Amino acid sequence: MIQSVSTPEYRAEFARRIRNKPYFEATMGTHCALFGEHPASGWSFYLLPGTAALALRGGTATLCGQLPAGEAGEDAAEELQGFLRFIQVDRLLSEQQPLEGWQPAESLLLWELPQGNALPLPAALPAELQLNKQPAMLPVSRLVFPDGKAEQEQFYSLACTAIAHGIGCCRVLMYHHTPVCTVGCYEQSDGEAYMAAGVTAPEWRGRGLAGWLIVQLANELAAKRTVRFASAPALQPFYTRLGFLQSGTIQQYTREWEKV
């Protein structure tokens, strides 16, 4: 049976199931801690049969752990399939493909910088740029999602909530009063800091800004936690050149539900 994570006992079990799972512990754990008691946030969290934990927002589901084997697993998979169809989830992130009928999409590469390690900073920044460690998040959200009002609002909500709770941080390179490159950490657990939202304004690309800023923040975070982030395979040469270690993959699946 699918159980909503709605009590302290269920929240503790949810945390136990994702513990020590790279990517999942930091991302799912942060979202549950910040938004699990606030249904209006758009996030929802569930315990599934077996060892599986599920996080939902919009049309995306993130699944950690496994359904049971045998007949019980078949029943659990059928229940989960019906549940995802009912709420029209069309994107699934997981450790492996748990359900039939979902089409593999491009996997995400998982990168890391182990705790206590540091990478050499790339070439120096242009003199006209300055590092801001406490930027206003509204301009940052517009830099990250220049064409999507809904995405801007979702990012702004998550980032501000994480920063206000001492979980998140944001780094920005400023040209006068304008952010031109950013990267942040808005999800972390006791042992993992997950970096995200690395973006450079189009007119500033090709100058090494993103590489410098990503390494700077990764080195800062790695003093206390292992740093991880996911990327598209096309960026493999870039992150390899910076010195990050490829540590795994996150599987992506998509599905178009037939209309009834």
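## Packing of helices α2 and α5

In this predicted model, helix α2 and helix α5 (residues 149-164) pack at an angle of about 80 degrees, with their axes 11 Å apart. Here helices (H or I, at least four residues) and strands (E, at least two) are DSSP runs numbered from the N terminus, while axes are lines fitted to C-alpha atoms, for helices over the stretch in contact, with angles running from 0 to 180 degrees between N-to-C directions. The two helices α2 and α5 are therefore roughly perpendicular to each other; angles of 65 to 115 degrees count as roughly perpendicular, under 35 as roughly parallel, over 145 as roughly antiparallel and the rest as oblique.

From α2, the residues H31, L34 and F35 make the contact, and from α5, L158, T161 and A162; contact means heavy atoms within 4.5 Å. These residues divide into four nonpolar, two polar and no charged. Ala, Val, Leu, Ile, Met, Phe, Trp, Tyr, Cys and Pro count as nonpolar, Asp, Glu, Lys and Arg as charged, and the others, Gly among them, as polar.

## Basis of the model

Residues are numbered from 1 along each chain as its sequence is written, and side-chain values use heavy atoms, with hydrogens and water left out. Because the model is predicted, local features need pLDDT of at least 70 and side-chain atom pairs count only at pLDDT 80 or more, whereas totals for chains, interfaces and linings use all residues.

Helix α2 covers residues 24-35, and its twelve residues should span 16 Å at 1.5 Å a residue; the end C-alpha atoms are 16 Å apart, which agrees. The expected span is 1.5 Å times one less than the number of residues.

Ten of the twelve residues of α2 are buried, so that the helix is mostly covered. Buried means under 20% relative accessible area, exposed over 50%, and partly exposed in between (1.4 Å probe, protein chains only). The buried residues are F24, E25, A26, T27, M28, T30, H31, C32, L34 and F35.

## Packing of helices α1 and α2

The axes of helix α1 (residues 8-18) and α2 come within 9 Å and cross at roughly 165 degrees. That angle makes α1 roughly antiparallel to α2. The crossing of α1 past α2 is right-handed; a crossing is right-handed if the near helix is turned clockwise from the far one by less than a right angle, and left-handed if anticlockwise.

On the α1 side, R11, F14 and I18 meet F24, E25, M28, G29 and C32 of α2. The residues of this contact divide into five nonpolar, one polar and two charged. Y23 is found in the loop between α1 and α2. Its phi is near 75 degrees, a positive value in a residue other than glycine, and at 8% relative accessibility Y23 counts as buried.

A76 lies in helix α3 (residues 70-86) and counts as buried at 5% relative accessibility. Not counting residues up to four places away in sequence, A76 touches P49, L67 and P68. A76 and I2 are 74 residues apart in sequence and 8.4 Å apart in space, C-alpha to C-alpha.

Two further residues lie in strands. A197 is in strand β11 (residues 192-200), and its phi is near 60 degrees, a positive value in a residue other than glycine. T226 is found in strand β12 (residues 226-231) and, at 14% relative accessibility, counts as buried. Leaving aside neighbours within four places in sequence, T226 is in contact with E112, L113, P114, Q115, G191, E192 and A193. The C-alpha atoms of T226 and E78, 148 residues apart along the chain, are separated by 37 Å.
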